Amino acid sequence: MSIGTAAGQSCLAANDWICGEYLRSRSQELTDATAEHVWITVVSVLIGLAVAFPLALLARAKPAFAGPVLGLTTLLYTIPSLAMFSLLLPVFGLSAALVVTGLVLYSLTILVRNILAGLAAVPAEAREAARGMGYGPGRLLWEVELPLAIPALMAGVRMATVSTIALTTVGALVGKGGLGNLIDEGVQTTFKAQVLTASVLCVLLAVTADLLLLGIQRLLTPWTRSPRRARTAGGPGNPAGGPPGARIQPAGEGA
């Protein structure tokens, strides 16, 4: 806090780091930037999942493709964000689509690897029991493998989401960075309150998103919260001791 502020000078005029007046006078601007940040993050992660899932299934079904798929997604992740957006600029122009596409490409390495890791961790006896009950490949995937792979899958979604929230700020380069726009503008004008407030909001977004996704993961995997429940969940119809929803039914039983 500066001496001028202590003497009654406005914290905005004094350019203080912490300024309640800035929060009051720029509340709509902060709300709009936060909403844009959330929108870009959610869309990017959802599209990333939609792309990563078939890629992971392809890599698992065709081992010859596993190396190229993992290698390509890892290579994309190593490209600096400035270079990535510059390469996409001729295609998408200065638009939100440019930022979303770049973020989707960055998310693939995390999502593909975690989907593969989750599916690989499914106990072999669960698969064998399902096949013995007449499950086909599609039903095996959706009713047995995916429920058991949820912990690893959600871990990937959490990492990708937090990473995307951070990388979205780079979209300020093309004016589509959500809170990153305020950070960039504040740095260029040395507007301390704006830089600090937007940065803190980015951190809060990341923490909130991670906690929210962790809560969703716990709701989807109740068997992981209680060792006793996990043990009793096992049995002839659920040899893996896994999710009750993944109980293996004979082919003739109702779903």
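Reader: What volume does the largest pocket have, and how is a pocket defined?

Author: Rolling a probe the size of a water molecule over the atoms shows where empty space is left. On a 1 Å grid over the protein atoms alone, a pocket is an open set of points with protein on both sides within 12 Å along at least five of seven lines, whereas a cavity is a set where a 1.4 Å probe fits but cannot get out; lining residues have an atom within 4 Å of a point. Grid points are joined across faces, edges and corners, and a volume is the space filled by probe spheres set on the points. Here the largest pocket has a volume of about 310 Å³. Its lining comprises 15 residues, of which Thr41, Val42, Thr161, Ala209 and Leu213 are the closest to the centre. The model is predicted: local features need pLDDT of at least 70 and side-chain atom pairs count only at pLDDT 80 or more, while totals for chains, interfaces and linings use all residues. Residues are numbered from 1 along each chain as its sequence is written, and side-chain values use heavy atoms, with hydrogens and water left out.

Reader: Which helices supply at least two residues of that pocket's lining?

Author: Helices (H or I, at least four residues) and strands (E, at least two) are DSSP runs, numbered from the N terminus. The contributors at that level are α4 (27–61), α9 (137–168) and α11 (192–220), and α4 gives the most, with 7 residues. The protein as a whole has 12 helices and 0 strands.

Reader: How does the lining of the largest pocket divide by class?

Author: Ala, Val, Leu, Ile, Met, Phe, Trp, Tyr, Cys and Pro count as nonpolar, Asp, Glu, Lys and Arg as charged, and the others, Gly among them, as polar. The pocket lining has 11 nonpolar, 4 polar and no charged residues.

Reader: How many cavities of 30 Å³ or more are there, and what lines the largest cavity?

Author: The count is 1 cavity of 30 Å³ or more. The largest cavity has a volume of about 40 Å³, and its lining includes Tyr106, Ser107, Ala160 and Thr164. Helices α7 and α9 each supply at least two of the lining residues, which divide into 5 nonpolar, 3 polar and no charged.

Reader: Is Ser107 buried or exposed?

Author: Buried means under 20% relative accessible area, exposed over 50%, and partly exposed in between (1.4 Å probe, protein chains only). Ser107, in helix α7 (residues 96–120), counts as buried because its relative accessibility is 3%. Contact means heavy atoms within 4.5 Å. Not counting residues up to four places away in sequence, Ser107 touches Ser44, Gly48 and Ala160.

Reader: Where does α9 bend, and by how much?

Author: The bend at a residue is the angle between axes fitted to the seven residues ending there and the seven starting there. Helix α9 bends by about 55° at Ile150, and Pro151 follows within four residues. The expected span of a helix is 1.5 Å times one less than its number of residues. With 32 residues, α9 would reach 46 Å if straight, but its end C-alpha atoms are only 38 Å apart.

Reader: Which residues does Ala206 contact beyond its neighbours within four places in sequence?

Author: Ala206, in helix α11, is in contact with Val162 and Ile165. Ala206 and Ile165 are 41 residues apart in sequence, yet 6.3 Å apart in space, C-alpha to C-alpha. Ala206 is buried because its relative accessible area is 15%.
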